[in-house]
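Q: Please take a close look at a single part of this model and follow the links from there. I would like a careful, connected account, with the cut-offs behind each term.

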Amino acid sequence: MTGLDNLYREIIMEHYKNPRNKGLVENQDYRLFRIKNPSCGDDITIQTLVVDGIIKDCRHIGHGCSISMASASVLTELMIGKSVEEAEKIADNYLNMVANKEYDENIDLEEAEVFSGVRQFPARIKCASIAWVAFKDTLK
Ligand code: ZN
């Protein structure tokens, strides 16, 4: 195991234990999308508030494995403040990265970069993806 792997694991566990932006709000202006991953029991709901093309808030709730929970937490932190256009680009890039497809390394994924390691574990790709797929659906 390399030092980078250790650092990535630490960041994932930190988000798993102390999730950011957790819990939904009662507000009809938010858009909501829920996805379940039966293969591992992940169940994630993402809630997004868009005002004038900017993501003003992004929340998550659910349960599942550490990768799915941590990736939801990282996602919400990364997306708040971004334009919808930017957010879609980042989400597509992230999804390509974890699926081991070609992706643009110049697009800054910030902490989400730590999930690049799941490329080596095809069974976990869905775990790292579902929050991001749900997020994209909240933008539609
Ligand atoms: Zn999972």
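A: Glu110 is partly exposed, since its relative accessible area is 44% (buried means under 20%, exposed over 50% and partly exposed in between, computed with a 1.4 Å probe on protein chains only). This is a predicted model, in which local features need pLDDT of at least 70 and side-chain atom pairs count only at pLDDT 80 or more, while totals for chains, interfaces and linings use all residues. Residues are numbered from 1 along each chain as its sequence is written, and side-chain values use heavy atoms, with hydrogens and water left out.

Glu110 belongs to the loop between α3 and α4, where helices are DSSP runs (H or I) of at least four residues and strands (E) of at least two, numbered from the N terminus. The phi of Glu110 is near 45°, a positive value in a residue other than glycine. Most residues other than glycine have a negative phi. Asn100 lies in the loop between α3 (84-98) and α4 (125-138), and its phi is likewise positive, near 65°; Asn100 is exposed, at a relative accessible area of 53%.

Gly41 takes a phi near 85° in the hairpin of β1 and β2, where four residues separate the strands, and Asp52 has a phi of about 50° in the turn between β2 and β3, a hairpin with two residues between its strands.

The sheet itself is open and has three strands in the order β1-β2-β3, with antiparallel pairing (two strands pair if DSSP finds at least two bridges between them). Because β1 (31-37) and β3 stand at the edges with a single partner strand each, one side of each is left without a neighbour in the sheet. From one strand to the next the twist averages 15°. Seven bridges join β1 to β2, with Leu32 opposite Gln47 in β2, and the bridge partner of Gln47 in β3 is Arg59. Nine bridges join β2 to β3, and Leu49 stands opposite Asp57 in β3. Helix α2 packs on this sheet, touching β2 and β3, and its direction makes about 170° with that of β3; contact means heavy atoms within 4.5 Å, and angles run from 0 to 180 degrees between N-to-C directions of axes fitted to C-alpha atoms. Eight of the ten residues of β2 are buried, so this strand is largely enclosed by the rest of the structure.

In β3 sits His60, which counts as buried because its relative accessibility is 3%. Beyond four places in sequence, His60 touches residues including Pro19, Leu24, Thr45, Ile46, Met69, Ala72 and Thr76. A polar atom of the His60 side chain lies 2.8 Å from the backbone oxygen of Arg20, inside the 3.5 Å limit for N or O pairs of a polar contact.

The zinc ion is coordinated by Cys40 (SG), Asp42 (OD), Cys65 (SG) and Cys127 (SG), at 2.1 to 2.3 Å (donors are N, O and S atoms within 2.8 Å of this metal). The donor atoms subtend angles of 102 to 117°, so the arrangement is tetrahedral, which requires all angles between 85 and 135 degrees. The donor residues follow the spacing C-x1-D-x22-C-x61-C. Asp42 lies in strand β2 (residues 42-51) and Cys65 in the loop between β3 (54-63) and α2 (66-79), so the pair ties together parts that are 23 residues apart in sequence. Both Asp42 and Cys65 are buried.

How values were computed: Donors = N, O, S within 2.8 Å, 3.2 Å for Na, K, Ca; no water. Tetrahedral: all angles 85-135°; square planar, octahedral: opposite > 155°, others 65-115°. Polar contact = N/O pair within 3.5 Å; in protein donor to acceptor, adjacent residues only side chain to side chain.
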